[in-house]
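Biologist: I'm new to this one. Could you walk me through how to read it?

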Amino acid sequence: ADRVLVQEAIQGSVRDLVSFHGFVGRDGALLASFCGRKLRTYPQFAGESALIELAHDPDVDAFGRQVVERLGLRGPFKIDLVRDPGSGVLRVLEVNARFTLWAELGAADGVNLLATAYDHLLTGQTLDAPGAPAPKHRWHSLGRDWRALAERGGGVMSRLAWLHSLLETPLVHEIWDWRDPAPFAHAFA
């Protein structure tokens, strides 16, 4: 209560929010990683993820690796970054030293941070890092995304564009799974 933290507001779109995720072994070796970007949030300004995807972004990858090394991170992490739309400079917003919802999307696209951590902790060895992910899926929160659509006040065309964005790529859903629809049914009720 005796300290105040002030963070500069960087004007830009949701698509300027990018991230670097990974798992670092005991010896400091980055064992697996991937980059991601937000496509939609709710609320639109400073909101939670509604639609996200992995991305090939050499600048985010290189910058994320520098941050990991400078901070001496170990274990799982997520580094939230913002790309200044004027200068293109990447800035760190926060570092989460834990697994996040992104881990499920990473696993769907070939970089399973949880399995990497499990194997490393079980064997105590540094295993071969998986290759770059093959972004094929998007992670989706139907509830937040539907509210985000309403927030934008979308007409017929924007609803069609919204629906198209959900059909163009296979989705990993926040709570929907054909094998266990009960969580979705409970949330919907």
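**Reading the model step by step**

Modeller: Happy to, and keep in mind that this is a predicted model. Let's begin with S49, which lies in strand β3, residues 48-55.

Biologist: Is S49 buried or exposed?

Modeller: The general idea is a cut-off: buried means under 20% relative accessible area. S49 has 7% relative accessibility, so it counts as buried.

Biologist: Which residues does S49 touch, leaving out those up to four places away in sequence?

Modeller: S49 touches K38, R40, T41, W139, S141 and R144.

Biologist: Now salt bridges. What's the general idea?

Modeller: Side chains of opposite charge can pair when their charged atoms come close. In this model the count comes to 10 salt bridges. Take R138 and E53: their closest N and O atoms are 2.9 Å apart. R138 lies in strand β6 (residues 138-140) and E53 in strand β3, so this pair ties together parts that are 85 residues apart in sequence. Both R138 and E53 are buried.

Biologist: Which residues are linked with them in a network of salt bridges?

Modeller: The network links R37, E53, R138 and E168.

Biologist: How many residues apart are D61 and R65 in helix α1?

Modeller: They are 4 residues apart in α1 (residues 58-71), so about one helical turn separates them. D61 forms a salt bridge with R65, with the closest N and O atoms 2.9 Å apart. D61 is partly exposed at 24% relative accessibility, and R65 is partly exposed at 39%.

Biologist: And what does D84 form a salt bridge with?

Modeller: D84 pairs with R91, the closest N and O atoms being 3.9 Å apart. Here D84 is buried, with a relative accessible area of 16%, while R91 counts as partly exposed at 31%.

Biologist: Last one: which residues make the nonpolar surface patch?

Modeller: L71, V92 and V95 make that patch, which is about 220 Å². V92 sits in strand β5, residues 90-96, and is partly exposed, with a relative accessible area of 38%.

Definitions and conventions
Residues numbered from 1 in each chain as written. Predicted model: local features only at pLDDT ≥ 70, side-chain atom pairs only at ≥ 80, totals over all residues. Heavy atoms only, no water. Helix = DSSP H or I, 4+ residues; strand = E, 2+ residues; numbered from the N terminus. Buried < 20%, exposed > 50% of the residue type's maximum accessible area, 1.4 Å probe, protein only. Contact = heavy atoms within 4.5 Å. Patch = residues over 30% accessible without salt bridge, like charges linked within 9 Å, V, L, I, M, F, W, Y side chains within 5 Å. Areas by Shrake-Rupley, 256 points an atom, 1.4 Å probe, with all protein chains shown as cover. Salt bridge = Lys/Arg side-chain N within 4 Å of Asp/Glu carboxyl O.
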